[in-house]
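User: Can you walk me through this one? I'd like the pockets, the charged pairs and the contacts.
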Amino acid sequence: MTTNRTLRGAELTPSVEELTVEARKSSPALTLTAALLGFALICLDASVVNVALPAIGSSLGAGMSGLQWVVDAYTLPFAALMLSTGAFADRSGASRAFALGTGVFTLASVACGLAPGLPALIGARVVQGMAAAVVLPASLALVRQAFPEPARRARAVATWAAGGSAAVALGPVAGGLLTTAWDWRGIFFVNLPVGALILALLVRAPRSARRPAPLDLPGQATAVVALTAVTFAVIEGGAAGWAALAVGLVAGAVFLRVEARSPHPVVPLGLFRDRTVAVTVAVGAAVSVAFYSVVFVFSLFFQQVQGLSALRAGLAFLPMTGLIAVTNVVAGKLAGRYGAKPPMLVGQALAVAGLLLLLYVDAGTSPVLTAVLLVPLALGCALTVPPLTAAMMDAVPVERAGLAAGVLNAARQVAGGLGIAVFGSLVGGGFVDGMRVALLISAGALALAWAGTVRLR
């Protein structure tokens, strides 16, 4: 006996016939547009806030630690929950997970814009980060579903990735423009029409099947506790910081023990026995520390030290960010022709040189010259990331590609969040001197990563 739906436990899964009919009624182009906009929205929110931080601080009476939490309250849940949200999207169906994530992200954005004080803003940012962690893997799964033919799917995935790069590039400029023309709250309210448009486009997306996917809840919970505690320790310091650090270390030890014993760990520790996996994760983390932390620090430097408006500060990042998307494409082609190792080595060396050049910058340096000096760092990071991603994917079996991508992206986000926590604390004690220490730390981390890259086959 056959039916149009197959009962699996308490869940109903569309049959092959239903999915085929829905796919015929759907529009792959509109599905790709929805997925691209969703990915761009969460990438934009990771960078648009930086330029608005001084205005947020002035409006809500937030000091340096408060501004660090405004950024990291989004970054940390985004990074930590990304370890499990791919499995969640599989269990729920990509279209349902994407709709849920987009809806929650949009509502949380409105809550950010309406926040009466710093605690409310930080709480809403946490919800934004949680929703973003759902949107990212679900959006990519929607693209894979809408384009079953490999060649068309490859082009669609490239378009999807370019949307994220463009959003990161436009973030500082958009943040400066909205903060100047409207208010810092505008950087959050602008997400409302975009979110509504995405949900409207999803009407033409095929309904996704649910698939069994195990969740490692103990591993996920201990990862969240460890990352949050360590970040709190770095930002807040003092006796509470030491206590938080102890909690973080204990939670980290428990996490490693849980992952070693779990049949379906969120982070399979065996992955890191492969040298390529270990090196690419380390390189990705070092690049994120350098890039995201420098954007955070210089967003404050331009406004608090050099007295630029939010709009001028955003425009100062345009030469740096505007080249990222183009360089990503070039890096992918170089990796295809010469392998991943050469462009990774050149990119990291260029990024280290860029960081060392930025040591020249002080309060009296021309903003135009500073904008130019930021370019080598951006070019180096953009040259490095696509090849390291390709190297990571080549090093793992096909059936573990999604898991490996989640681990890599989570490591990059965590490193960026912790870098902001550390560097924000450094500049709080004397901006220019702290900024130079931060640049040296970033250069040292990338130099170590470069040494590891040399040992790749």
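This is a predicted model: local features need pLDDT of at least 70, side-chain atom pairs count only at pLDDT 80 or more; totals for chains, interfaces and linings use all residues.

User: Start with the second largest pocket. What is its volume?
Analyst: The second largest pocket has a volume of about 470 Å³. It is lined by 18 residues. Closest to its centre are Leu227, Phe255, Val267, Ala411 and Val414.

User: Which helices supply at least two residues of that lining?
Analyst: Helices H9 (217-236), H10 (238-261), H11 (275-305) and H18 (401-427) each do.

User: And which gives the most?
Analyst: H18 does, with six residues in the lining of the second largest pocket.

User: How do the lining residues divide into nonpolar, polar and charged?
Analyst: The lining of the second largest pocket has 17 nonpolar residues, one polar and no charged.

User: Switching to the outside. Which residues form a nonpolar patch on the surface?
Analyst: Tyr360, Val368, Leu369 and Val372 form one. Together they have about 400 Å² of accessible area.

User: Take valine 368. Where does it lie?
Analyst: Valine 368 is in helix H16, residues 367-373.

User: Why does valine 368 count as exposed?
Analyst: Because its relative accessible area is 60%, and exposed means over 50%.

User: Now charges. How many salt bridges does the structure hold?
Analyst: Two. In one, the side chains of arginine 125 and aspartate 45 meet, at 2.8 Å from N to O. Arginine 125 lies in helix H5 (residues 118-146) and aspartate 45 in helix H2 (residues 28-60), so this pair ties together parts 80 residues apart in sequence.

User: Are arginine 125 and aspartate 45 buried or exposed?
Analyst: Arginine 125 is buried, and aspartate 45 is buried too.

User: What about aspartate 183? Which residue does it form a salt bridge with?
Analyst: Arginine 185. The closest N and O atoms of that pair are 3.9 Å apart. Aspartate 183 counts as partly exposed, because its relative accessibility is 29%.

User: Why do such side chains pair at all?
Analyst: Side chains of opposite charge can pair when their charged atoms come close.

User: Is glutamine 68 buried or exposed?
Analyst: Buried, because its relative accessibility is 1%.

User: And serine 65? Which helix, and how accessible?
Analyst: Serine 65 lies in helix H3, residues 64-92. At 29% relative accessibility, it counts as partly exposed. Serine 65 and phenylalanine 232 are 167 residues apart in sequence, with 9.6 Å between their C-alpha atoms.

User: What about alanine 395? Where is its place?
Analyst: Alanine 395 is in helix H17, residues 375-395. It is partly exposed, with a relative accessible area of 25%. Aspartate 274 is 121 residues away in sequence, but 7.6 Å away in space, C-alpha to C-alpha.

User: Last one: leucine 202. Where is its place?
Analyst: Leucine 202 is in the loop between helix H8 (191-201) and H9. It is buried, with a relative accessible area of 12%. The C-alpha atoms of leucine 202 and alanine 99 are separated by 7.5 Å, and the two residues are 103 apart along the chain.

Conventions: Residues are numbered from 1 along each chain as its sequence is written. Side-chain values use heavy atoms; hydrogens and water are left out. On a 1 Å grid over the protein atoms alone, a cavity is a set of points where a 1.4 Å probe fits but cannot get out, and a pocket is an open set with protein on both sides within 12 Å along at least five of seven lines; lining residues have an atom within 4 Å of a point. Grid points are joined across faces, edges and corners, and a volume is the space filled by probe spheres set on the points. Helices (H or I, at least four residues) and strands (E, at least two) are DSSP runs, numbered from the N terminus. Ala, Val, Leu, Ile, Met, Phe, Trp, Tyr, Cys and Pro count as nonpolar, Asp, Glu, Lys and Arg as charged, and the others, Gly among them, as polar. Patches are made of residues with over 30% relative accessible area and no salt bridge: like charges are joined within 9 Å, nonpolar side chains (Val, Leu, Ile, Met, Phe, Trp, Tyr) within 5 Å. Accessible areas come from the Shrake-Rupley method with a 1.4 Å probe; for residues, only the protein chains shown count as cover. A salt bridge is a side-chain nitrogen of Lys or Arg within 4 Å of a carboxyl oxygen of Asp or Glu. Buried means under 20% relative accessible area, exposed over 50%, partly exposed in between (1.4 Å probe, protein chains only).
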